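Please read them with the structure open.

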Amino acid sequence: MTFDAFVRRLYRFAVAVGLIEAAVVGAFLLVGPWWALGRGMPGAAVLIALLGLLFDWRALDVLLARAPALPQRGLVRLSVAVHLLALGLGGWSLARPIDPAWRLLSGSEPASDPRLAYGTDGALVMHTGAGQLLRRREVDWYDLLGPGNFAWEFHVGPDGDLWVAPRDVLRIDRYDPEADRWRAIGRPPGALESLAVGTGELLAVLDGRLHRADLIGGTWSEVQEVGRVRSVALAPGGAAALACGPRWWAREGGAWADVTPDTLGLGCSGAFVGGGGWRYVLTGGLWDDALWVAPPGEGFRRVTAPASDLRVLAPHPIDGRRAVAGTWGLGVWTTEDGGRTWAPLGLDRVQVRSLAVEWARGEVCAGSSNLVFARGVFCRPLPGGQPSAAR
């Protein structure tokens with residue numbers, strides 16, 4: 001083979017690869033907007049549809065010219081129509097008002113990826129992406145002047161103290177609202193992946209290993225009985241605990257036991273424990289997810305999730321059958337029977353990654369992780385509950 005022939009073959013091969021790549025991109029731009037709309041992400045649908053129109057204008061006719069048997073002009077018009085329709089539906093979804101049952105709390109709009117919790121005094125507390133810790137009483141937010149680190153983990157302890165745990169800082173910060181004082185607690189090295197706060201103890205996942213802090217003795221120890229995990233949860237005011245990763249582990253009466261269902265490749269995206277010993281595990285993520293529930297004294301069973309891409313679950317601290325779940329753009333849902341049936345609470349298109357529920361008052365608040373649209377904290381009364389007079 002001569003050098004010129006080799007170059008021609010290499011050129012033809014490169015053109016073929018480029019056409020295949022263009023066809024794959026075109027297929028994604030055709031299907032992508034509808035996938036995003038189905039997942040409650042109208043902003044992504046609008047963006048992909050606009051890119052699709054650009055592809056129709058500059059590349060689709062070139063791609064179809066390589067297939068002369070196809071009706072080139074008709075396919076271009078069809079693709080443009082599909083993208084325009086997706087663009088219109090996405091724009092309409094972005095323009096329509098948020099579910100009126102939910103109220104955007106004034107002053108929460110600038111919050112980036114807020115983490116929420118209700119204090120023992122019933123006040124809503126928010127930790128923002130800027131590292132602020134804000135408490136809301138009636139209609140105003142008050143800065144608690146925290147340590148200023150962004151914390152993926154934010155919890156209220158059984159005694160009402162607030163716990164803020166940055167991922168890559170070797171300390172955990174504790175705020176006592178009564179004394180209005182912060183205290184830093186050192187921790188072992190490793191990236192913090194999950195934190196649970198109990199009576200006199202902390203459970204922390206550091207680089208996939210479970211560690212326990214004895215708050216009375218001030219010591220840390222690695223939990224040797226448990227393998228690699230990703231998420232950990234403690235029962236409200238109790239000693240029962242749940243940790244999950246490639247395998248799932250539960251603690252009852254001081255001993256850890258393997259409680260993994262007989263199903264391969266489950267994984268874990270979140271562990272939650274409610275009152276009465278009800279345990280929940282989320283598996284999967286953006287493409288596929290599932291919800292597993294273990295009633296008291298029983299093993300885990302898979303239940304039908306209310307919507308795809310569950311991100312967070314808030315079980316009742318006394319009656320763990322009751323829970324509220326937040327999704328990535330497909331609304332907030334509630335169950336009264338341990339996940340057997342679900343009722344919608346609305347708030348579609350808001351990407352929820354944090355929930356706070358004031359069960360006694362009958363109110364739920366959701367923190368929006370949206371980057372541009374519908375940002376802030378949204379609250380509404382639970383069905384059968386009473387709305388807060390402070391709202």
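1. A cut-off first. Buried means under 20% relative accessible area, exposed means over 50%, and partly exposed is what falls in between. Arg-322 has 23% relative accessibility, so Arg-322 counts as partly exposed. The model is a predicted one.

2. Overall layout. The protein holds three helices and 26 strands. Its C-alpha trace spans about 80 × 55 × 40 Å along the principal axes. Of the 391 residues, 48% are buried. The exposed surface comes to about 18900 Å², and carbon and sulfur atoms supply 58% of that area. Take the contacts between residues at least 6 apart in sequence: 43% of them join residues at least 24 apart.

3. The six-stranded sheet. Its order is β1-β26-β25-β24-β23-β22. The sheet is open and its pairing is antiparallel. Which strands sit at the edges? They are β1 (103–104) and β22 (310–315), each of which pairs on one side only. Two bridges join β1 to β26 (residues 377–381), again antiparallel. Arg-103 has Cys-379 of β26 as its bridge partner.

4. The largest nonpolar core. This core has 18 residues. Trp-102, Val-324, Val-332, Leu-347, Val-352, Leu-355 and Val-364 touch the most other members. Which of them gives the largest share? It is β24, with six residues.

5. Val-364 in detail. Set aside its neighbours within four places in sequence. Val-364 is then in contact with Trp-102, Val-324, Leu-345, Leu-355, Ala-356, Val-357, Phe-378, Cys-379, Arg-380 and Leu-382. A second core is separate and has 16 residues, among them Ala-240, Leu-242, Cys-244 and Cys-268.

6. Six bridges join β11 (residues 201–206) to β12 (residues 209–214) in the antiparallel sense. Leu-203 stands opposite Arg-212 of β12. The two strands form a hairpin with two residues between them, and Asp-207 in the turn has a positive phi of about 50 degrees. β12 also pairs with β13 (residues 219–222), antiparallel, over four bridges. Here Asp-214 has Thr-219 as its bridge partner. This hairpin has four residues between its strands, and Gly-218 takes a positive phi near 70 degrees.

7. Glu-222 is found in β13. Beyond its neighbours within four places in sequence, Glu-222 is in contact with Arg-209, Leu-210 and His-211. The C-alpha atoms of Glu-222 and Leu-210 are 6.0 Å apart, although twelve residues separate them along the chain. The side chains of Glu-222 and Arg-209 meet in a salt bridge (2.7 Å, N to O). Glu-222 belongs to β13 and Arg-209 to β12, so the pair ties together parts 13 residues apart in sequence. Both ends are partly exposed: Glu-222 has a relative accessible area of 32%, and Arg-209 one of 22%.

8. Other salt bridges. The structure holds 13 of them. Side chains of opposite charge can pair when their charged atoms come close. Arg-174 and Asp-159 meet at 2.9 Å, N to O. Arg-174 lies in β8 (residues 171–176) and Asp-159 in the loop between β6 (153–156) and β7 (162–165), 15 residues apart. Is Arg-174 buried or exposed? Arg-174 counts as buried, because its relative accessibility is 18%. Asp-159, at 47%, counts as partly exposed.

9. Back to Arg-322. Its side chain meets that of Glu-336 in a salt bridge (3.1 Å, N to O). Arg-322 sits in the loop between β22 and β23, and Glu-336 in the loop between β23 and β24. The two are 14 residues apart. Glu-336 is partly exposed, at 47% relative accessibility. Elsewhere, salt bridges that share partners join Asp-113, Arg-115 and Arg-353 into one network.

10. A surface patch. Leu-47, Leu-51, Leu-54 and Trp-57 make a nonpolar patch of about 450 Å². Leu-54 is found in helix α2 (residues 42–65). Why is Leu-54 called partly exposed? Its relative accessibility is 46%, which falls between the 20% and 50% cut-offs.

Terms used:
Residues numbered from 1 in each chain as written. Heavy atoms only, no water. Patch = residues over 30% accessible without salt bridge, like charges linked within 9 Å, V, L, I, M, F, W, Y side chains within 5 Å. Areas by Shrake-Rupley, 256 points an atom, 1.4 Å probe, with all protein chains shown as cover. Salt bridge = Lys/Arg side-chain N within 4 Å of Asp/Glu carboxyl O. Buried < 20%, exposed > 50% of the residue type's maximum accessible area, 1.4 Å probe, protein only. Pairing = 2+ DSSP bridges. Core = buried A, V, L, I, M, F, W, Y, C linked by side-chain atoms within 4.5 Å. Contact = heavy atoms within 4.5 Å.
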